[in-house]
2 protein chains.
Amino acid sequence: MSATDDRYPYPVAQIGIIGGGQLGRMLVAAAKRIGCTCTVLDPYPNSPAGQLSGEQIVGTYHDPAALKELVAACDVTTFDIEDIDTETLGGLSAAGHRIFPCPGLLADIQDKLRQKQVLADAGIPSAEFAPADAPEADAFAAFGYPLVQKVRRGGYDGRGVQVMHEPADFDKHLPVPSLVERFVPARLELAVMVARGQDGATCAYPPVEMRMRPGENMLDMLLAPARVEDTVAKAARDLAVATVEALAGVGIFGVELFLTEAGALLVNEVAPRTHNSGHYTIEACVTDQFEQHLRAIAGLPLGATDLVRPAAMLNLLGEPGFTGRPVICGLRAALAIPGVSVHLYGKAETRAYRKMGHVTVLDADIDQARAKAERVRDLIRIEGEEAA
Amino acid sequence: MSATDDRYPYPVAQIGIIGGGQLGRMLVAAAKRIGCTCTVLDPYPNSPAGQLSGEQIVGTYHDPAALKELVAACDVTTFDIEDIDTETLGGLSAAGHRIFPCPGLLADIQDKLRQKQVLADAGIPSAEFAPADAPEADAFAAFGYPLVQKVRRGGYDGRGVQVMHEPADFDKHLPVPSLVERFVPARLELAVMVARGQDGATCAYPPVEMRMRPGENMLDMLLAPARVEDTVAKAARDLAVATVEALAGVGIFGVELFLTEAGALLVNEVAPRTHNSGHYTIEACVTDQFEQHLRAIAGLPLGATDLVRPAAMLNLLGEPGFTGRPVICGLRAALAIPGVSVHLYGKAETRAYRKMGHVTVLDADIDQARAKAERVRDLIRIEGEEAA
């Protein structure tokens, strides 16, 4: 990226992406559209993102040589996962390579305890918490039930999180370095995507409503916009922007919030990347979260975040009991519903609950969008050619 | 594509695309999103579409061996250009390979005289015309001026079309097999994208307004929706659907129409493929023209064509005087305008007036969209690293 004075020799930028999953795949699609080229680093050849980028380095996210090769080949490097060797990246960043969000921030966010501490230090409201590096029954009891145990590192998609209602639940604790958090009876779980540019400019998408599967901590359906009062929507956006500003983040961030039964807003977690709760922006918003992230990390102006039509989104997860080559059942039936867009991620194998794709439903009426998405959920299913 | 009973082993379909230009590129993006894989046939390695598909056969559109290799490797084959060897394709189609739109129809459309005759036979209104296989001054005079000479084969983007106002203009005639057409004083030039499935189901997008560069027969700006009365919009959609039904086309078609000063609608030309006038659908419509085409040719239900927000679109053409590696000037300035989306096609070299990309501007108000697009036109420019 040798732009001087608003002149960009093609490609506009060579983007390095650590992680070749679905987030990387959708990022590559946006990047190529806007005139960038991409190289993906992923341990598996022909990764979902590699299928679009054309260029892939095969290596792990913890392989210093592979990370160096990627960063050296690109103008700007970013990531679609969090479990990366931030030490190597930090050295590359210090040496002048452009890596966004910056590796130090990623290191803070990777560790859920440090993430909470950084946010608390900045005055961002979140659930009360305490370290629990060696989980013990007495310490949990002293903190008080109900509580949520969260492992400090490596949890995702609801894994690494344990809700405990009473002392007897300590039996199901995870025996790894953790934190404990006050269990918050939430009226709604919200998410706000926020982008921040290298110049400090920010923009936020409308808050969306993350409806979780009961008792499972897994997204069941996302509704955009969230069905909350305008004042709550504004407060949620403001809090999410303040959160990303507190982190001095560059790129896009998914800020998950609890709207408590008492009407308070608390930050639950921050994802320093594009986010499942922002997939709906591809169809429903003027600038989607993937292009927005690129604009931020490539030093281009941020785009408009208006929602042009309400949307419901659901993930397509691998059906339990199957593995092997995926088989998409009910695709025709689902596509026959007006407003339905199906995204498949090109994963060669299905597994129980693996994210294989997602569906976005647009409708001028959010309740109609939701009703259509419920029909889609009943119609479409990702099986596999082999029994698991 | 071995779907039985609405079960699709991944990939949903392997799509062959003859032609690796920008239309193919955007088709590949849609195809991968919906779970298809793609192979592109193009004479130039690393074509715009090949950059996304990963798979490319390097060969010409007239190379029977290359065409056979492509068709044999894919479940369904389509094209992004019209200048193809339809004889080989016709044989492959007769042998049971799925090629849409069908090669016989493409052969009719490739020849502008046959296209006019087929439409006339079906009762589709168009400008009066006559064959002119060997253009002669007397015959042109007998047909009567003002007239438009159109070459039968190979014209595109305004090339191969000559407007003649009086007998002296015969000096600039094109000395190749042609037709002559009555010059129609048009109030507006409209275009309607129509898709038709293998089952005969059809859908149409709203009519758009193609504003041409004065005297140049080149698109200056596209406005969606066209600023016409509802009755005219409905009549235009109906005529476009009737046109595609008359052709028994499968896939998406761009139907260009004249709205005459007298208020009549005439079909100007039909493109048997995705069309420049449909690019705006990526941002502005529920289902874009590329996914719509795929749905039609892959036997999936057609998608919703609603316009969710008005749009203006303009092409980014190579600036005269430059060649070599493209240099995008004014990109940051253009992207700073809310609602602007920039598409670059990944072409390695610019040339005068070559289509290098396009810009879509969304705005709740069509006049604002147009005003923003005019600003973008003044800001963004595709130069090159070398003087032409």
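How many salt bridges are there between chain A and chain B? The count between the two chains is four. This briefing concerns a predicted model, and it treats the contact between the chains, their symmetry, and some local features of the backbone. Over all chains, the structure holds 46 salt bridges.

**Extent of the interface**

- The contact draws 50 residues from chain A and 50 residues from chain B.
- The size of an interface is often expressed as the accessible area that is lost when the parts come together.
- Between chain A and chain B, the buried area is about 4500 Å², and carbon and sulfur atoms give 53% of that area.
- Asp6(A), Tyr10(A) and Arg332(A) supply 17% of the area that chain A buries against chain B, which is more than any other three residues supply.

**Polar and charged pairs across the interface**

- Side chains of opposite charge can pair when their charged atoms come close.
- Glu383(A) and Arg7(B) form a salt bridge through their side chains, with an N to O distance of 3.0 Å.
- Between chain A and chain B, 30 residue pairs are in polar contact, with both residues at pLDDT 80 or more.
- By class, the side of chain A that touches chain B has 28 nonpolar, nine polar and 13 charged residues.

**Elements and strand pairing at the interface**

- Several elements of chain A give two or more residues to the side that touches chain B, among them strand E1 (7-9), helix H1 (22-33), helix H11 (331-335) and strand E21 (381-387).
- Strand E18 (322-329) of chain A is also one of these elements.
- E18(A) pairs with strand E1 (residues 7-9) of chain B in the antiparallel sense, over three bridges.
- Within E1(B), Arg7(B) stands opposite Cys329(A); Arg7(B) is also the partner of Glu383(A) in the salt bridge described above.

**Symmetry of the two chains**

- Two copies of a chain are related by a rotation about an axis and a shift along it.
- Here, a rotation of 180 degrees with 0.0 Å of shift along its axis superposes chain A on chain B, with an RMSD of 0.0 Å.
- The two copies are therefore related as by a two-fold rotation axis.
- In chain A, the C-alpha nearest the axis belongs to Leu52(A), at 2.5 Å from it.
- The copies meet through the same surface, because 100% of the interface residues of chain A are also interface residues in chain B.

**A salt bridge within chain A**

- The side chains of Glu128(A) and Arg182(A) meet in a salt bridge, at 3.2 Å from N to O.
- Glu128(A) lies in the loop between helix H6 (112-121) and strand E7 (129-132) of chain A, and Arg182(A) lies in strand E10 (residues 178-182), so the pair ties together parts that are 54 residues apart in sequence.

- Most residues other than glycine have a negative phi, and most peptide bonds are trans.
- The peptide bond from Tyr145(A) to Pro146(A) is cis, with omega near -5 degrees; Pro146(A) is placed in the loop between helix H7 (137-143) and strand E8 (147-151) of chain A.
- In chain B, the peptide bond from Tyr145(B) to Pro146(B) is cis, with omega near -5 degrees.
- Asn46(B) is not a glycine, yet it has a positive phi of about 60 degrees; Asn46(B) lies in the loop between strand E3 (37-42) and helix H2 (50-53) of chain B.

Technical notes. Residues numbered from 1 in each chain as written. Chains lettered and ligands numbered in written order. Predicted model: local features only at pLDDT ≥ 70, side-chain atom pairs only at ≥ 80, totals over all residues. Heavy atoms only, no water. Contact = heavy atoms within 4.5 Å. Buried area = accessible area lost by both parts, 1.4 Å probe. Polar contact = N/O pair within 3.5 Å; in protein donor to acceptor, adjacent residues only side chain to side chain. Helix = DSSP H or I, 4+ residues; strand = E, 2+ residues; numbered from the N terminus. Nonpolar A, V, L, I, M, F, W, Y, C, P; charged D, E, K, R; others polar. Pairing = 2+ DSSP bridges. Least-squares fit on C-alpha atoms with pLDDT ≥ 70 in both.
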